[in-house]
Structure formats: C-alpha cells, structure tokens
Amino acid sequence: MRVQADRVSVTGPHGTLLSPTSLTVSGGELAIVHGEPGVGVTAFGLALAGRLKPATGTVTVEGGDPRKVVVIVDSPGVSEPDGALSLQVVVGEELELAKRPANKAAVASWLAEHDAAAFATTRFENLEAVTRTRLLTALAASREGVGVLVLDTPDRHTSDVDSWAKLAREHAGRGLAVIVLTATTPVSALPEKPARCGALEQPDPVRCAPVEAEAEPEETEETAKTSGDQE
C-alpha cells in the first residue's frame, strides 16, 4: 500500500488553503506533516483521503479507491465525534461505518477488548486525549480494506507528543501507512523531522515495520548444476 501526493494544492472560497505539497508514504512507514494552525493542514488530509478535490496536482493510492483505503481520523468539523455523545454511542457509530456488528453487546465487547469499558457512559469530550486518539485510531484501523491512516492534528488535544507518536508508530509497525498532521506542536518538539505543508521536497518517512526479505529464487536442477560447476 502506498499513497502519493504530487504537487497537491487546495483552494477555498476565499483563496488558497494549501500550497502545492508532495508526499509519499508506503505501508509500514510513518510521516509527520506540519502546517500552520487552520484549515490548510486538514485540507491536505482530506485530499489524501479522496474527500476533497485538489485544485492542482494528483493523489495516487496504490491498492484501491482513496475513499475506501484511506481513513482520516478525528478531523475537525469532518470526522470528529460529537463531544456530547457517550463513548459507547461513538463506538457504535464507528462500528457501523466499519460494517461490523454494532449492537449493545458488540459495543460492550469492543470496549472491553480495548480496556475502555469503564468509560462507556463518559461524554466523549471528557475523555483523556490519549484515550480519545487511541480508540478512534483503533476503530479506523479496523475498517475492512484500510491501508492508510491519517491522524488529523492529535496535538490539538494535548501537548504530550509521545502519546500520539507512540500510537502512530504502533500502527505503522503493523504494516499500515500512517500520516500524522500537526499544527500546534513546535517543529522542534516533534519526534521526527516533519514534512511541511507547501513543500515539494520532503524528508523520508520513518520505517516502523520490517522490510520483507526478498524471496530467494527456487533452485532448479539447472541452477543447482550451474552452482556446482562454479564451485
């Protein structure tokens, strides 16, 4: 799985939201993207997920339709849950989106599996930031066919960079392509050198999953004879 943005820009009713930006991230890799606070960084995430048409440039997703294989997590005003809802209601809605059982028993089971049963009736806005991001990311990753996760500004909820960075690395380590959009964290405090909104040359993503070893060609009688002749 690989997602590639080539000189993608986005415009809104009042002008440019995102200047041309390029980025390539493959399965098992993590890229942190930094932009100025505002809608521009989210616009980039929405373009990657096929939910916003770029004004210029292209987004190519190897392995399928961006709207099916790329999920943008907790995007302000787009996919962030209503804070007044209880956690169990939010989980039920997300399970339905994932086309998984979403009845009361299924929700309770999912919460128990993710060490969150104690928060079932808690208003979503009252969850700790690390719990919020952990659960929403797990729900997104559980959708069938998903290969790319875009975490939209988890730093807007907390100054604890390690909490969301560790989570992102874990999902990339499982083979997903993970992109974390950031805006309020100073660049100097980010755990990796970030890609930049508005830039075409970017640092390489961080490899979190081992690269699969190239399969050795199967030995045949002819190759065995050749090998023997060389010895």
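These questions and answers cover the cavities and pockets of a predicted model.

The model is predicted, with local features needing pLDDT of at least 70, side-chain atom pairs counting only at pLDDT 80 or more, and totals for chains, interfaces and linings using all residues. Residues are numbered from 1 along each chain as its sequence is written, and side-chain values use heavy atoms, leaving out hydrogens and water.

Me: How many cavities of 30 Å³ or more does the structure hold?
Reply: A cavity is a set of points, on a 1 Å grid over the protein atoms alone, where a 1.4 Å probe fits but cannot get out. Points are joined across faces, edges and corners, and a volume is the space filled by probe spheres set on them. At 30 Å³ or more, the number of cavities is 2.

Me: Which strand gives the most residues to the lining of the largest cavity?
Reply: This cavity holds about 70 Å³ of space. Lining residues have an atom within 4 Å of a point; here they include Leu30, Ala31, Ile32 and Glu192. Strands are DSSP runs of E, at least two residues, and helices are runs of H or I, at least four, numbered from the N terminus. With 3 residues, the top contributor is strand E3 (residues 29–34).

Me: How many charged residues are in the lining of the largest cavity?
Reply: Asp, Glu, Lys and Arg count as charged; Ala, Val, Leu, Ile, Met, Phe, Trp, Tyr, Cys and Pro as nonpolar; the others, Gly among them, as polar. The lining has 8 nonpolar and no polar residues. The charged count is 3.

Me: What is the volume of the second largest cavity?
Reply: Its lining is Val73, Asp74, Thr133, Leu151, Asp152, Thr153 and Pro154. By class that gives 3 nonpolar, 2 polar and 2 charged. The volume is about 40 Å³.

Me: Which residues are closest to the centre of the largest pocket?
Reply: A pocket is an open set of points with protein on both sides within 12 Å along at least five of seven lines. The largest one has a volume of about 600 Å³. Of its 26 lining residues, the closest to the centre are Arg67, Val71, Leu97, Ala98 and Arg143.

Me: Which elements give two or more residues to the lining of the second largest pocket?
Reply: About 180 Å³ of space lies in this pocket. Among its 13 lining residues, His34, Gly35, Glu36, Val41 and Cys197 are closest to the centre. The elements giving two or more are strand E2 (15–26) and helix H1 (39–48).
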